[in-house]
Amino acid sequence: MLCVKITREWTFTFNIIRTLDFGLSRGLYHILFATRLRLLKIMFFSDIFLVFSLMTFLWDFHVSSCDPDCTDKPEFTPTRLVVKYGDPTSASCSVCQHACLGDGTISDVESPVGNSTKNGTTISWTIDRLTEWQTSPMCYSTNYTGYQCCSTLPVTVYQPPDSVSISFVNHTGPMFEGHQYTLQCTVKDVAPVEKLVVMFYRGQTALGQPQSNNDIEKKPVTESFSLNITLSKDDDGVQYWCEAKLELGPDGPQRPPVVMSENITATVYYKPQLKSSHSDLITVAEGNSLQLNCLAVGNPSPMYTWTSPILYYSSGSVLTIDSVTSEDKGRYTCSVSNHMGTVTVTFNVDVKGEFEVLQLSAVSYVGLIIGVIAAVVVLVVICVIIGYSFFYKSNRMGQYNLKDVFCLHTKHSAVPSVE
């Protein structure tokens, strides 16, 4: 009875599948086939992963069983290698300093790349083209008891930057005086980045030297460095640039690899500033020429506007009157402006007639003469006072008479008497 039931259920299922032939059954077949294929792929890659993990474990176990602090450990020459990516390199290892062969000792250099050759207690390791970013050859010796002594050769693989560029962060076009901006130096494809030093320059003046904090990545990376600056009018037209340098130490190349960026020129907008000072009062003789100058610098280039007692047309920094008259007397104002600001200069012009000018000149000469005479009189008085003081002290000490000094006493002669 049970068999009949099972047969009927199977027959029912078979009829459904046959009924849905070329329909749902074919779709389910494809789904099942695709799922099986995916499972096979997953199992394949899982097997590869397990093999790789096992190899890594065996390598780590082998290395961890090595004693790097043994008394007679192998020595590499040189003790450190700095190699450019893709270049050849080599090193030699002296397995032991004392007699260590002939007692069943096994020695070699283990490295995932390169070839090793033995010559007595010396093992040479060479590679024609180093293309591994992380490799540390290990020279070891294992005695008959299984004790292993080893040394590791540190290898630094470097690559100079492919390119270096500089820019202002999130800004293009003109900048403004007194505002802060960020310079950014981008170094592309450099390794190892921990050895990278970037320097910013303003013209030939060094501004800052940021350094990367990434001490893990050994493969080429692209990294950006920033520097904040506050611009002034003196920065208008100045060129900024940066350089990237790999500081590889004494084992690296004699001239560290340096790559420089192109220059970028800063355009700084600032309000006008006068180039020279001006006197408050200007006196000019009638009939002479008058020239007023309010030259200023600014970015964008400033515009000049003049106001005067009589309308004169001038679109520049200089206002010129060929022949001055009394009507030209008064206040002249020069306004220098751009969209960053305005500066104003005022000239007070006094016009004198020809007689007034001559009179003023004569008064000036008389004043000069009086001043000279006064100076001479003061000098004479000072000399007299000094002389008097000197001879007065001498008279007090030697009982001399001041009249004797100046020969002012009267000499009396004897008068013969008449008998």
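## A salt-bridge network

Lys 329, Asp 350 and Lys 352 are joined in a network of salt bridges. A salt bridge here is a side-chain nitrogen of Lys or Arg within 4 Å of a carboxyl oxygen of Asp or Glu. By this rule, the count for the structure comes to seven salt bridges.

## Basis of the description

The model is predicted: local features need pLDDT of at least 70, side-chain atom pairs count only at pLDDT 80 or more, and totals for chains, interfaces and linings use all residues. Residues are numbered from 1 along each chain as its sequence is written, and side-chain values use heavy atoms, with hydrogens and water left out.

Side chains of opposite charge can pair when their charged atoms come close. Helices (H or I, at least four residues) and strands (E, at least two) are DSSP runs, numbered from the N terminus. Arg 80 is partly exposed, at 40% relative accessibility, and Asp 251 is also partly exposed, at 41%. In these terms, buried means under 20% relative accessible area, exposed over 50%, and partly exposed in between (1.4 Å probe, protein chains only).

Arg 202 and Asp 235 also meet in a salt bridge, at 2.7 Å from N to O. This pair links distant parts of the chain, 33 residues apart: Arg 202 is in strand 13 (residues 196-202), and Asp 235 is in the loop between strand 15 (221-230) and strand 16. Arg 202 is partly exposed at 27% relative accessibility, whereas Asp 235 is buried at 6%.

## The pair Lys 233 and Asp 234

Lys 233 and Asp 234 form a salt bridge, with the closest N and O atoms 3.3 Å apart. Asp 234 counts as exposed, at 53% relative accessibility, while Lys 233 is partly exposed at 29%.

## A nonpolar surface patch

Leu 368, Val 372, Val 376, Val 380 and Val 384 make a nonpolar surface patch of about 450 Å². Patches consist of residues with over 30% relative accessible area and no salt bridge; like charges are joined within 9 Å, and nonpolar side chains (Val, Leu, Ile, Met, Phe, Trp, Tyr) within 5 Å. Accessible areas come from the Shrake-Rupley method with a 1.4 Å probe, and for residues only the protein chains shown count as cover. Val 376 belongs to helix 3 (residues 354-398) and is partly exposed, with a relative accessible area of 48%.
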